[in-house]
Amino acid sequence: MLLQVKHLMVFYENALALNDFSLEVQAGEIVAVIGSNSAGKTTLMNTISGLIQDIQIKEKRKGGERLTILGEVWLNREDISSARPEQRVQKGIVLCRERHPIFPESDVLENLHIAGYLRRRQEVRETVDFVFGLFPNLAGHKNQKAGFLSGGEQQMLTIGMALVVRPVLLLLDEPLLGLSPAMQTKLLAAIKTIRRETGVTILISEQFARPILPMIDRGYVIENGMLTMSGNSKELMENPEVVSAYFGV
Amino acid sequence: MYIRKERIDRGVKARTEDLFALASGWDLLYLLAPRLLPILVLLLLTVTVGPYWQKVLISTAVFALLAISWDFLVAAGMVSLGQALFFGMGAYLTGILNHYFHWPIWLTIPVSTVLGGALCTFILLPVLRLRGIYFSMITLVLPLMLVRIIEATKIFGGTEGISGLASYPGRWLELYLGLAAAWAALFAFRRLLNADYGLILKGISDNDRSVMSAGINIYWYKAQALFLAGSVGAFAGAFMTHSYMFVGMPVFALDYSILPIAAAVVGGMGTMAGPLLGAFILVPLSEVLRGLGGLRIVIYALSLTVFIVALPEGLFHYIQRKYQQFERKVKVDYE
């Protein structure tokens, strides 16, 4: 068992964002968390990656929302619930945040080098080559400022930046957001290639169930912060409730 | 079982547009007390303290005006490091009008307020297109430059300054004019920022391109904000000049730029009331410490640091939250 999330509960002040949410990810799997907007997907991703602690501290400091975080996150049979975000990255959990947060003033290559700063040069060089092989579009723009890339290219760059860190568990938060269907297909093919070539375990949160469900091993459906359904790819695709809620038929 | 603290708004906040839904006299008091109490306390202070502390109150009001004007500019996305520019501009204008043209005090102050604001806006117009640090740097440098110009060209009394300016008809008028101006600026700017006009200014600070997308000329609005803030700063300068009956190079000193920022940070930015509160803490504190000689700056700096580290949101935000919300413990059903 690579990742175990046990009974997560997250409050933003008085609003309950995650309600007793549990999930498990085996090594080498691609697992999806499917949910509509405001279901709690991003909160889940932030809690697994530990970023929520940073949000909690910053909000507390400026007297904003108070966050209450309950529950446990286990990685490789080790409780990492209180580990700081950067410690979790060292253990191999790397989050690719939603809405492609790149460094707009730096070029593509510089972005990748910033992400790989703590890695050995040789490793970074190898991964950068791998990323450019995976996304030929990026290779063509490697000296262009990242802020001027298209949305799809920025998403590719974000995933590339996560890969440079050499994750054991790659968290992808809404990777398909704002992409055209053609671009979505390309990106999902790339995600499959990533798993095949690097053996990394992938946890995706997504609201577009139709393109995602066929390519995953298992999936969880989250609604209003609660787990409503789980199963393998086939079970979820044939489930009438999933079909009516996410396939629009 | 886990116990969590829950924050709940006190009921009176429920309102539609500008209409408050008041159910009782207590509700009315709840709304009025935080607005009236400071004024009453202050009025009481003015009649109980001696002339020395009355002078301190006046200079506190001046710094409060500068701090409010700084906070307003920040709300519109312009971080000024040179409130002394506004202050000095108003001070010199009123000095010139009074000394060379023999205008009476009730004319020099309003004219230098408006003219000072307009001049500062005009000088800063080319910088309006710059964002962030560039705007700050220019505002920091301009007052320092003006001092050197006055020193080098020996205009307006040069290093000697202009003395023997008209003073106020009475010290009570002087005191209450200063305090009334500070409170007028406070309520006016708070009102303005809560109106749609203020939302545009806040929008410019948050995401100027989105404001442009709404078809709004952001530079025109920034210039207006600059004029308003500049006028308040210029008023502070003009007011202080007649209080000292003297204007000279010190009006462009760094104190007038830095202390308002410190006051805003201690009191809580973005509220106008915070900077005013900050000024009412820092200026008297600085006076109390005056007896300590060289240690004064050390203790002053230390207390400033402690304030900012312990309460980065600012004192006013903290008080406001405690006043508007109460907390209660709730159980979380959790195994």
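This report describes helix packing, a chain contact and some backbone details in a predicted model.

Two packed helices are described by the angle between their axes and the distance between the axes.

| Helix pair | Angle between axes | Distance between axes |
|---|---|---|
| α3(B) and α9(B) | roughly 125° | within 7 Å |
| α2(B) and α9(B) | roughly 75° | within 8 Å |
| α3(B) and α5(B) | about 35° | 7 Å |

Helix α3 of chain B covers residues 83-100, and helix α9 of chain B covers residues 255-267. Because angles from 65 to 115 degrees count as roughly perpendicular and those over 145 as roughly antiparallel, a crossing at roughly 125° makes α3(B) and α9(B) oblique to each other. The crossing in which α3(B) passes α9(B) is right-handed. On the side of α3(B), the contact is made by Q83(B), A84(B) and F87(B), and these meet Y256(B), S257(B) and P260(B) of α9(B). Sorted by class, the residues of this contact are four nonpolar and two polar, with no charged residue among them.

The axes of α2(B) and α9(B) cross at roughly 75°, and that makes α2(B) roughly perpendicular to α9(B). Here α2(B) contributes F63(B), L66(B), A67(B), W70(B) and D71(B), while α9(B) contributes Y256(B), L259(B), P260(B), I261(B), A263(B) and A264(B). This contact of α2(B) with α9(B) holds 10 nonpolar residues and one charged residue, but no polar ones.

Five of the residues in the contact of α3(B) with α5(B) are nonpolar and two are polar, and none is charged.

## One residue of α9(B) in detail

S257(B), which lies in helix α9 of chain B, takes part in the contact with α3(B). Is S257(B) buried or exposed? A residue counts as buried if 20 or more other C-beta atoms lie within 10 Å of its own, and S257(B) is therefore buried, with 24 C-beta neighbours inside 10 Å. Leaving aside residues up to four places away in sequence, S257(B) touches L81(B), G82(B), Q83(B), A84(B), L140(B) and P143(B). S257(B) and Y30(B), by contrast, are 227 residues apart in sequence, and their C-alpha atoms are 36 Å apart in space.

## Two further helices of chain B

Helix α8 of chain B runs over residues 218-244, and its 27 residues should span 39 Å at 1.5 Å a residue, which agrees with the 39 Å between its end C-alpha atoms. Of the 27 residues of α8(B), 21 are buried, so this helix is largely enclosed by the rest of the structure. Just after α8(B) comes M245(B), which takes a positive phi of about 60°.

Helix α6 of chain B, residues 171-194, has 24 residues and reaches 35 Å from its first C-alpha to its last, close to the 34 Å expected at 1.5 Å a residue. The buried residues of α6(B) include L175(B), G178(B), L179(B), A181(B) and F189(B). What covers the buried residues of α6(B) includes α1, α2, α8 and α10 of chain B.

## Where chain A meets chain B

How many residues does each chain give to the contact? Chain A gives 10 residues and chain B gives 12 residues. On the side of chain A that touches chain B, the elements giving two or more residues are β1 (3-12) and β4 (67-75) of chain A. The largest share of that side, three residues, comes from β1(A). By class, the side of chain A that touches chain B has three nonpolar, four polar and three charged residues.

## Positive phi values in two loops

Most residues other than glycine have a negative phi. E174(A), which is not a glycine, has a positive phi near 45°, and this residue is found in the loop between β7 (169-173) and α8 (181-198) of chain A. With 22 C-beta neighbours inside 10 Å, E174(A) counts as buried. K154(B), also not a glycine, has a positive phi of about 55°, and its place is in the loop between α5 (133-153) and β4 (162-163) of chain B. K154(B) is exposed, because 10 other C-beta atoms lie within 10 Å and a residue counts as exposed with 12 or fewer.

Notes
Residues are numbered from 1 along each chain as its sequence is written. Chains are lettered from A and ligands numbered from 1 in the order in which they are written. This is a predicted model: local features need pLDDT of at least 70, side-chain atom pairs count only at pLDDT 80 or more; totals for chains, interfaces and linings use all residues. Helices (H or I, at least four residues) and strands (E, at least two) are DSSP runs, numbered from the N terminus. Two residues are in contact if their C-beta atoms, placed from the backbone, lie within 7 Å. Ala, Val, Leu, Ile, Met, Phe, Trp, Tyr, Cys and Pro count as nonpolar, Asp, Glu, Lys and Arg as charged, and the others, Gly among them, as polar. Axes are lines fitted to C-alpha atoms, for helices over the stretch in contact, and angles run from 0 to 180 degrees between N-to-C directions. Angles under 35 degrees count as roughly parallel, over 145 as roughly antiparallel, 65 to 115 as roughly perpendicular and the rest as oblique. A crossing is left-handed if the near helix is turned anticlockwise from the far one by less than a right angle, and right-handed if clockwise. The expected span of a helix is 1.5 Å times one less than its number of residues.
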